[in-house]
Each structure stands twice: as C-alpha cells, then as structure tokens.
Amino acid sequence: MRILVVEDEPLLADAVAEWLRGEAHAVDVAFDGAAALERFGVNDYDVVVLDRDLPGVHGDQVCRAISAGHGETRVLMLTAASDVDDRVTGLALGADDYLPKPFAFRELAARVAALGRRARAAAPPVLERAGISLDVHLHQVFRDGRYVPLSRKEFAVLAELLRADGAPVSAELLLEKAWDEHTDPFTQAVRMTILKLRRKLGEPPVVLTEPGVGYRIR
C-alpha cells in the first residue's frame with residue numbers, strides 16, 4: 001500500500017515509517033498538517049497515519065480535508081489523549097480508526113493493514129495465479145509448492161500484479177504503490193525489480209510485459 005505518516009515528532013515518525021516499510025509498504029512522511037495536505041495534492045494514499053495534535057494546520061483539519069476529498073483513503077488517528085470523548089470526536093471528524101499513544105508498533109501495523117483492506121476492493125489473504133501463491137499476512141510466496149524468497153519491493157510488486165488478476169499494471173502504478181515519494185520517477189527500479197522477480201520465480205516465465213502498457217501475470 002501507499003501510506004502517509006503525519007507526525008510532528010521526527011523520531012517517532014521515522015520509526016513508524018521504517019516499521020511499515022518492513023511490512024512491504026511504500027511510506028511517505030510529513031511533519032505537519034500543511035505538508036500533509038500538499039502531499040495529497042500530488043499522491044494517492046491508501047492509508048494515513050495521522051497525529052491529531054499537529055502544529056500549524058491541526059490534525060482535525062487534515063482529517064476533514066481527507067474525508068471530504070479522498071473518499072477511498074482511510075485514516076488512523078493517533079493522539080496522546082485517550083478519553084472516550086476525545087476518541088468519539090476524532091471518529092466524528094472522519095477518522096476510520098483511533099490509536100492512543102503510546103502504542104505498540106505491531107498493533108499499529110495490524111490496524112493499518114486492516115484499514116488497507118477496507119480502502120480497496122476486498123481481496124483474499126492468499127493471492128493465487130499461474131501456480132503462484134502469495135500470503136499477504138505471512139509475507140510468503142510459493143510457486144508450484146516451492147518457496148520463493150523475495151525482497152520487500154519484489155513482494156510488493158508481485159502482490160500488485162496478482163491483485164490485478166491478469167490485467168496489466170503500469171510501471172507508474174507499481175512505482176506509486178511500492179516506492180515512496182523520494183524515488184526518481186525516471187528510475188529503472190520497476191524494470192529491475194521485474195527482472196529479479198522473473199529470475200526468482202523461474203521457468204516458465206509468468207510475469208509478462210505488455211509493450212507500452214505495463215506488466216501482468218500470465
């Protein structure tokens with residue numbers, strides 16, 4: 001998924017981002033509400049991890065803007081306050097879930113994954129096609145019963161291809177979903193990752209190139 005972490009404490013923001021990248025997500029970071037809104041003008045996000053108590057543009061305003069203009073984006077709101085009234089107010093603003101600080105990274109990642117499943121069309125936890133089996137939760141891939149070790153980027157790209165169920169996926173979309181905003185849009189990262197995927201998945205080849213369109217699973 002493409003995720004935006006909005007948190008004004010840099011150490012916490014970076015720690016959350018690294019944890020989520022470890023789950024094979026593409027993660028961008030914003031340290032204030034204004035920067036978060038700027039990123040929404042450029043990128044589409046599946047999930048936003050949003051600190052409520054932001055400087056400048058408050059988290060409540062960011063949440064309202066996301067809810068009003070990005071109907072497919074899910075919001076996990078974070079706050080140091082944990083009383084019931086505070087949680088109810090946050091949810092009323094359009095947040096989809098609420099997590100008080102301090103929190104366990106494992107729980108945050110699980111809540112993000114759950115929101116991601118709501119952000120897109122429902123998909124089974126195990127994606128299968130052409131002899132490939134990808135377990136979204138266990139981060140395991142098999143081809144014809146053989147375990148295939150993949151890097152985080154290779155796993156993320158393969159998951160997007162399998163979700164397309166045989167339809168071609170453009171390099172631009174793969175770049176958006178598997179890499180963050182710091183990636184050069186003219187990079188060869190997608191092509192190189194596809195080459196590595198083909199090699200690891202073995203023969204006969206199942207990742208096909210549609211010239212001028214993108215890539216698809218046979």
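**Note on the sheet and the aromatic pairs**

1. Val5 stands opposite Val29 in strand S2. The model is predicted, so local features need pLDDT of at least 70 and side-chain atom pairs count only at pLDDT 80 or more, whereas totals for chains, interfaces and linings use all residues. Residues are numbered from 1 along each chain as its sequence is written, and side-chain values use heavy atoms, with hydrogens and water left out.

2. Strand S1 (residues 2-6) pairs with S2 in the parallel sense over five bridges. Pairing requires at least two bridges found by DSSP between two strands; strands (E, at least two residues) and helices (H or I, at least four) are DSSP runs, numbered from the N terminus.

3. The open sheet has five strands in the order S2-S1-S3-S4-S5, with parallel pairing. S2 (26-30) and S5 (97-100) are at the edges with a single partner strand each, so one side of each has no neighbour in the sheet.

4. Four aromatic pairs are counted. The rule takes rings of Phe, Tyr and Trp (its six-membered ring) with centres within 6.5 Å; planes under 30 degrees apart are stacked, over 60 edge-to-face, the rest tilted. Trp19 and Phe105 form a tilted pair, 5.4 Å centre to centre with 35 degrees between the planes. Trp19 lies in helix H1 (residues 10-21) and Phe105 in helix H5 (residues 105-119), 86 residues apart.

5. Trp19 is partly exposed at 35% relative accessibility, and Phe105 is partly exposed at 28%. Buried means under 20% relative accessible area, exposed over 50%, partly exposed in between (1.4 Å probe, protein chains only).
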